[in-house]
Amino acid sequence: MNTVNKTNGELPAFACVSETYQQDGLTKRELFALKAMQSLASNPDWAKSMRTPDDWDDYKDRLVSGSIEMADALLSALSK
């Protein structure tokens with residue numbers, strides 16, 4: 001992976017590079033968002049509030065945007 005002109009969040013989280021092999025994997029931003037989403041989704045209280053498909057759509061949107069915001073906040077804090 002060419003890391004020139006990449007932001008911290010665009011860099012690979014688990015890069016594996018040798019002379020004969022390269023695996024970029026997830027970016028740091030993707031990994032941090034995934035971990036944030038796991039944490040948010042594992043909250044048992046949210047399941048109690050899911051009564052209709054519309055409830056799920058609203059929760060899904062908040063889950064996704066919240067996870068990305070948390071990942072971006074972590075990357076910002078780490079780059080200081």
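1. Helix 3, residues 53-78, comprises 26 residues and spans 37 Å between its first and last C-alpha, close to the 38 Å expected at 1.5 Å a residue. The model is a predicted one.

2. Part of this helix is shielded from solvent contact by the accessibility criterion: Tyr-59, Leu-63, Gly-66, Ser-67, Ala-71 and Leu-75 are buried.

3. The count of salt bridges comes to 3. One of them joins Asp-72 to Arg-29, with 2.6 Å between the closest N and O atoms. Because Asp-72 belongs to helix 3 and Arg-29 to helix 1 (residues 28-41), this pair ties together parts that are 43 residues apart in sequence. Asp-72 is partly exposed, at 32% relative accessible area, and Arg-29 is likewise partly exposed, at 38%.

4. A salt bridge also links Asp-57 and Lys-60, whose closest N and O atoms are 3.6 Å apart; this value falls within the 4 Å cut-off for a salt bridge. Both residues lie in helix 3, separated by 3 residues, or about one turn of the helix. Asp-57 is partly exposed, with a relative accessible area of 35%, and Lys-60 is partly exposed at 34%.

5. Asp-58 and Arg-62 form a salt bridge through their side chains, at 3.2 Å from N to O. The two residues are 4 residues apart in helix 3, again about one turn. Asp-58 counts as partly exposed at 43% relative accessibility, as does Arg-62 at 47%.

6. On the general principle, side chains of opposite charge can pair when their charged atoms come close.

Notes: Residues are numbered from 1 along each chain as its sequence is written. This is a predicted model: local features need pLDDT of at least 70, side-chain atom pairs count only at pLDDT 80 or more; totals for chains, interfaces and linings use all residues. Side-chain values use heavy atoms; hydrogens and water are left out. The expected span of a helix is 1.5 Å times one less than its number of residues. Buried means under 20% relative accessible area, exposed over 50%, partly exposed in between (1.4 Å probe, protein chains only).
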